[in-house]
Amino acid sequence: MSEELYRPGLEGIIAGETEVSTVEQDSLAYRGYRIEGLAEHASFEEVAYLLLEGELPTAPQLADFRKRLDQHRAIQPEIVETVRMIPKSVGGMDVLRTGVSMAGHFDVAKGDERPALVERAIHALAVVPSIIAARLRLLDGKEPIDPKPGLSHAAQFLYMAFGKAPSELEEKLLNLTLVLYAEHEFNASAFAARVCASTLSDLYSAMVTGIATLKGPLHGGANEEAMKLISRFKSGDEAKAWTEEGIKNKAKIMGFGHRVYKNGDHRARILEPLMADLARERNQQAKLDVYFAIKNTVFDRKQIHMNVDYPCGLTYYLMGLPIDIYTPLFVASRVSGWAAHYIEQYTNNRIIRPRSRYVGPALRDYISVSERG
Ligand SMILES: CC(C)(COP(=O)(O)OP(=O)(O)OC[C@H]1O[C@@H](n2cnc3c(N)ncnc32)[C@H](O)[C@@H]1OP(=O)(O)O)[C@@H](O)C(=O)NCCC(=O)NCCS
């Protein structure tokens, strides 16, 4: 056995090889394509195809991919009934975890060869927005709406959730956040999904593992927490005063900090100007003031940058989306990255089984209950 290597939180540890994406201080790339170019030009469907298949699709390949997504979008009545039975107080991520687990019972492929794995991934990608939209409508006392073939992935979700075609701007912004959220190398949920894959468990189980891990506020749950924080304040001054106090008391400010990025998150920098334009267009200057007051104070006092969840929370708020679906929408995108990691791990596998360093009591003998005093 080689020399023992331990770092809390596995910081800086290379835990595997991947061709799916690279996260560096000065770049983020999906399969070699810089995020800036993808964010400016690509649809989420192109990005999902790229992650799953390794190359950007040709026009016919993209059309076929979109058709396959459309074929899988309608969820079974059993899934709708399951979602309906979940108490109204249950959060969106918990509902989605159950919904995706249920969708796995309606497997769309046979076998475990690559094409079957990709078909399951497309199924998982297609049903997630349908489950989120169905839950939203059921909570509102309305019945789910059938998907409308031909819409983009982003427009489809907004149509199924709200019953009308979204504006061009809403579709563009949701598409952008889906592109930005799609993949991020060995983050906690992708790694958890890979551990699941490495036992040769099925793809749906790995997606459920990913959802369960993304839910936490230190990971994907941060976009909801960031917006809850912004919503607490009426003015920039109020937000600044609270943030200064929070930093003094060592509070964690959600939407800030990152394990890898120490000079800022590329995705946040891409999203922020569009978010700010939207805020001005929707006459939400006060929210913008609060947003910048928190951001500037965290940086001034701690030199910590925002991560993508910070501008994403406000973007979704400005689009009129309820907070409880912000992290589920992260899932709607990240399924593509998780599935790409699942396939990579599953098709070139060695079980992921690290060691721990034991720090408990030294070896000792069993003492019977009567002698324990
Ligand atoms: C992302 C995160 C989990 C990374 O954790 P990590 O790599 O273990 O970083 P650490 O917690 O060791 O942070 C290093 C230092 O920065 C501080 N810090 C990190 N993120 C902070 C935050 N959001 N607010 C305030 N301080 C923060 C830590 O308290 C620590 O300070 P110290 O050295 O004075 O003790 C962490 O930054 C965090 O909890 N952020 C908030 C949740 C969030 O936005 N998650 C989404 C990530 S994309």
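**Close-up views of a predicted model**

View 1. Strand S2, residues 27–30, pairs with S3 in the antiparallel sense, and 2 bridges link them. Look for Tyr 30, which sits opposite Tyr 33 in S3.

**View 2. Here's the whole open sheet, with its 3 strands.** Read across it and the order is S1-S2-S3, with antiparallel pairing. Strand S1 (21–24) and strand S3 (33–34) are the edge strands. Each of these two has a single partner strand, so one side of each is left without a neighbour in the sheet.

**View 3. Helix H6 packs against helix H10.** H6 covers residues 114–139 and H10 covers residues 203–214. Their axes lie 10 Å apart, and the helices pack at an angle of about 40 degrees. That angle makes H6 oblique to H10. The crossing, as H6 passes H10, is right-handed.

**View 4. Zoom in on the contact between H6 and H10.** From H6 come Leu 117, Arg 120, Ala 121 and Ala 124, while H10 brings Leu 203, Tyr 204 and Met 207. Split by class, the residues of this contact are 6 nonpolar and 1 charged, with no polar ones.

Note on methods
Residues are numbered from 1 along each chain as its sequence is written. This is a predicted model: local features need pLDDT of at least 70, side-chain atom pairs count only at pLDDT 80 or more; totals for chains, interfaces and linings use all residues. Two strands pair if DSSP finds at least two bridges between them. Helices (H or I, at least four residues) and strands (E, at least two) are DSSP runs, numbered from the N terminus. Axes are lines fitted to C-alpha atoms, for helices over the stretch in contact, and angles run from 0 to 180 degrees between N-to-C directions. Angles under 35 degrees count as roughly parallel, over 145 as roughly antiparallel, 65 to 115 as roughly perpendicular and the rest as oblique. A crossing is left-handed if the near helix is turned anticlockwise from the far one by less than a right angle, and right-handed if clockwise. Two residues are in contact if their C-beta atoms, placed from the backbone, lie within 7 Å. Ala, Val, Leu, Ile, Met, Phe, Trp, Tyr, Cys and Pro count as nonpolar, Asp, Glu, Lys and Arg as charged, and the others, Gly among them, as polar.
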